[in-house]
Amino acid sequence: MKTAIRKQMTIHPEVMDSLNNQISMEMHASASYLAMASWCDQRELLNSKEFFYKQAEEEREHAMKIFAFINDNGGASISPEIQNVNNDFESLRDIYETSLEQEISVTESIFKIFKQARKEDDFTTEIFLQWFITEQSEEEDKFRSILDIFDLMGDMPLKMIDERLPKD
Amino acid sequence: MNFLSDVKFNIQIKKITFCQYQLCVDDKLMVLSFPQLLQLRNKINSLTKPESLEKIIENENYVLLFVADKKHLLFLEIPKLLDLKEEISFCFYNY
């Protein structure tokens, strides 16, 4: 079967499974950002609301990028089931802290797949994931900078902090 | 290795043409395209996770599984389910 399966797929079957898990993780992150956007929207935190709606879209785009990559390389993408999306938050700061943790786990997961692809000599996936690694480093940086603003503004009213946060 | 071609296994996957595979479970023969084979692999991997196996054992102790875009239905008890997983893993192992 050696050449038989290879002729059908460019990517390694087990790397494909991990990529499918990554799709699920990205879609979960998207749903999670949507919950955060809704929390902000209800409290008229306009900049944060816009920021999280955009983040939700961005995560979905990441998922779709992987989805198309798997199918384009002869594999089978799986539409994920999204469960356990948290809609309860304590504060705006809590939301941004949770977001940073979420981004870090997404980054870690991408690192794992990258290592796996390298181990299996799946160079196509390795190259594909390079974009995600750069992207994740930017995402993490974005949230760290926002948390710095919270630290700098201390006990200022929530609305004032929100006005100083980026929209995208 | 030639003598192995005379051995008949209860569960076997063979390549027939470039994009067709034949799955044999006992006396049942099923022709699968590659996407159907990938789908079967995904279903079997999900059914053989420890928590899924536990659920199957606690309930009916078997699974009914649609194969090849619902053209075939398989009745699989746990040992057979695990055999099928092994055969599929073997088929993909030498990628």
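Predicted model: local features only at pLDDT ≥ 70, side-chain atom pairs only at ≥ 80, totals over all residues.
How many residues lie between β1(B) and β2(B) in their hairpin?

1. Residues are numbered from 1 along each chain as its sequence is written, chains are lettered from A and ligands numbered from 1 in the order in which they are written, and side-chain values use heavy atoms, leaving out hydrogens and water.

2. To answer the opening question, the hairpin of β1(B) and β2(B) has 2 residues between the strands. Strand β1 (residues 11-17) and strand β2 (residues 20-25) of chain B run antiparallel, joined by 6 bridges. Strands are DSSP runs of E, at least two residues, and helices are runs of H or I, at least four, numbered from the N terminus; two strands pair if DSSP finds at least two bridges between them. Within this pair, look for B:I13, which stands opposite B:L23 in β2(B).

3. Now turn to where the chains meet. Chain A brings 19 residues to the contact and chain B brings 16 residues, with contact meaning heavy atoms within 4.5 Å.

4. Across the interface of chain A and chain B there is 1 salt bridge. B:R41 and A:D17 form a salt bridge through their side chains, at 2.6 Å from N to O. The rule asks for a side-chain nitrogen of Lys or Arg within 4 Å of a carboxyl oxygen of Asp or Glu.

5. On the side of chain A that touches chain B, α1 (2-8) and α2 (13-42) of chain A each supply at least two residues. The most comes from α1(A), with 6 residues.
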